[in-house]
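Visitor: I have a structure on my screen and would like to learn how to read its features. Could you take me through it?

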Amino acid sequence: VNYTVTDLDNAIGRYSVFDPTVVNLGAPSGFGGFVSRSVNATQKKKALNLIANHQFNSNWAVATSYSWVRDEFKAKNYEINPNDTTNINALINKFRPTNVYQADIMYGADRWSATVTAQLYTGNNERYFSDNRFTVFGFIVNYDLFENTQLYVNVDNATNEAYENKAAANYLVGAFPQPARNFTAGVLQKF
């Protein structure tokens, strides 16, 4: 179990803030309005990571994990535009999955080893992601050819899931796609 709290008093965030010196012909004085600026801010970040592993016997094992993170930014010494929905605090937690779960099942016997992986991304904001959840599977197979030589095959995104694990406000939904099904095969030589 890992729970982390970060409390920064001198961060930078982009906000729509009130500037009394900006020319504003609609204001009685002709000045004052909201402008977008990078300003000094505070940041509070909380993260939780849970990990559990279990070896069933000499051949089988399982590993599971869960991750969650939440950020809060606040501008210092500025009046914030209450209608600003594009500031860092309004968006930071919408650009990544709220929850990430992973489970790996591992098998090994003699010279062979294999792992099946599953990742579940949930809590995705559909304004920025193409779906509110994604499940991605993969697998790895290894064969120890010699003491220091291993052959391997790795398949990522085995079910060819279309998914994203990050987003951005200034791009369309699905702008950061992750790779489709892909294969890697090779030889690992230890020296």
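Visitor: Which residues is Asn157 in contact with, leaving aside its neighbours within four places in sequence?

Guide: Contact here means heavy atoms within 4.5 Å. With those neighbours set aside, Asn157 touches Val136, Phe137, Gly138, Tyr163, Pro179, Ala180 and Arg181. Asn157 sits in the loop between strand 7 and strand 8; strands (E, at least two residues) are DSSP runs, numbered from the N terminus. This is a predicted model, where local features need pLDDT of at least 70, side-chain atom pairs count only at pLDDT 80 or more, and totals for chains, interfaces and linings use all residues. Residues are numbered from 1 along each chain as its sequence is written, and side-chain values use heavy atoms, with hydrogens and water left out.

Visitor: Is Asn157 buried or exposed?

Guide: Buried means under 20% relative accessible area, exposed over 50%, and partly exposed in between (1.4 Å probe, protein chains only). Asn157 has 4% relative accessibility, so it counts as buried.

Visitor: Where is Asn124, and what does its side chain reach?

Guide: Asn124 is in the loop between strand 5 and strand 6 (133–146), and at 5% relative accessibility it counts as buried. A polar contact is a pair of N or O atoms within 3.5 Å; within protein, one must be able to donate a hydrogen and the other to accept it, and residues adjacent in sequence count only if both atoms are side-chain atoms. Here the Asn124 side chain reaches the backbone oxygen of Asp131 at 3.4 Å. Beyond four places in sequence, the contacts of Asn124 include Pro97, Phe129 and Phe134.

Visitor: Which residues make up the largest nonpolar core?

Guide: In soluble globular proteins, nonpolar side chains tend to be buried together. A nonpolar core is a set of buried Ala, Val, Leu, Ile, Met, Phe, Trp, Tyr and Cys residues joined through side-chain atoms within 4.5 Å. The largest one in this model has nine residues: Leu91, Phe95, Tyr121, Tyr128, Phe129, Phe134, Val136, Tyr163 and Ala167. Apart from it lies another core of eight residues, among them Val17, Val35, Phe73 and Ala75.

Visitor: How many aromatic pairs are there?

Guide: Rings of Phe, Tyr and Trp (its six-membered ring) pair if their centres lie within 6.5 Å; planes under 30 degrees apart count as stacked, over 60 as edge-to-face and the rest as tilted. That rule gives six aromatic pairs. One of them is the tilted pair of Tyr66 and Tyr101, 4.9 Å centre to centre with 45° between the planes. This pair links distant parts of the chain, with Tyr66 in strand 3 (residues 60–75) and Tyr101 in strand 4, 35 residues apart. Tyr66 is buried at 18% relative accessible area, whereas Tyr101 is partly exposed at 35%. Trp112 and Tyr143 have ring centres 4.7 Å apart and planes at 50°, so this pair is tilted. Tyr121, Phe134 and Tyr163 form one aromatic cluster.

Visitor: Which residues have a positive phi although they are not glycine?

Guide: Most residues other than glycine have a negative phi. Asp110, among those with a positive phi, has a value of about 55° and is found in the loop between strand 4 (99–109) and strand 5 (112–122). Its relative accessibility is 83%, so Asp110 counts as exposed. Asn160 has a positive phi of about 60°; at 39% relative accessibility, Asn160 counts as partly exposed.

Notes:
Helices (H or I, at least four residues) and strands (E, at least two) are DSSP runs, numbered from the N terminus.
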